[in-house]
Amino acid sequence: MLEVRVLGDVKVTRDGTSVPVPHGLVRSVLLSLVANFDRVVSDDVLSHRLWGDDAPRTAAYSLRNAVSRLREVVG
């Protein structure tokens, strides 16, 4: 079971073992997904949450990489 704690320091545990989640974009993606745990979050929504109207041209590529890294980290 995956558990994410977001009040205070962000802590992620999987089956009782601490999982280090990198700071930056990967952590921001995780927190955005946790805030909507019961819904599908599109890449457009994630992009807008992370960069607002000033998303870089590489936003889609950066998001794919961050999600891929997040999957590696949390399993």
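Select helix α1 (residues 25-34) and helix α3 (residues 59-74): they pack at an angle of about 80°, and their axes lie 9 Å apart. Axes here are lines fitted to C-alpha atoms over the stretch in contact, with angles from 0 to 180 degrees between N-to-C directions. So α1 is roughly perpendicular to α3 (65 to 115 degrees counts as roughly perpendicular). Helices (H or I, at least four residues) and strands (E, at least two) are DSSP runs, numbered from the N terminus.

A note on the model: it is predicted, so local features need pLDDT of at least 70 and side-chain atom pairs count only at pLDDT 80 or more, while totals for chains, interfaces and linings use all residues. Residues are numbered from 1 along each chain as its sequence is written, and side-chain values use heavy atoms, leaving out hydrogens and water.

Now show side chains between the two helices. Leu25, Val26, Val29, Leu30 and Leu33 of α1 meet Ser62, Leu63, Ala66, Val67, Arg69 and Leu70 of α3 (contact means heavy atoms within 4.5 Å).

Stay on α1 and pick Ser32. Ser32 is buried, at 9% relative accessible area (buried means under 20%, with a 1.4 Å probe and protein chains only). Leu46 and Arg49 touch Ser32, leaving aside residues up to four places away in sequence.

Last stop: the sheet. Three strands make an open, antiparallel sheet ordered β1-β2-β3 (strands pair if DSSP finds at least two bridges between them). Color the edge strands, β1 (2-5) and β3 (17-18); each pairs on one side only. Strand β2 (residues 11-14) joins β3 through two bridges. Click Thr13: its bridge partner in β3 is Ser18.

Note on methods: Angles under 35 degrees count as roughly parallel, over 145 as roughly antiparallel, 65 to 115 as roughly perpendicular and the rest as oblique. Buried means under 20% relative accessible area, exposed over 50%, partly exposed in between (1.4 Å probe, protein chains only).
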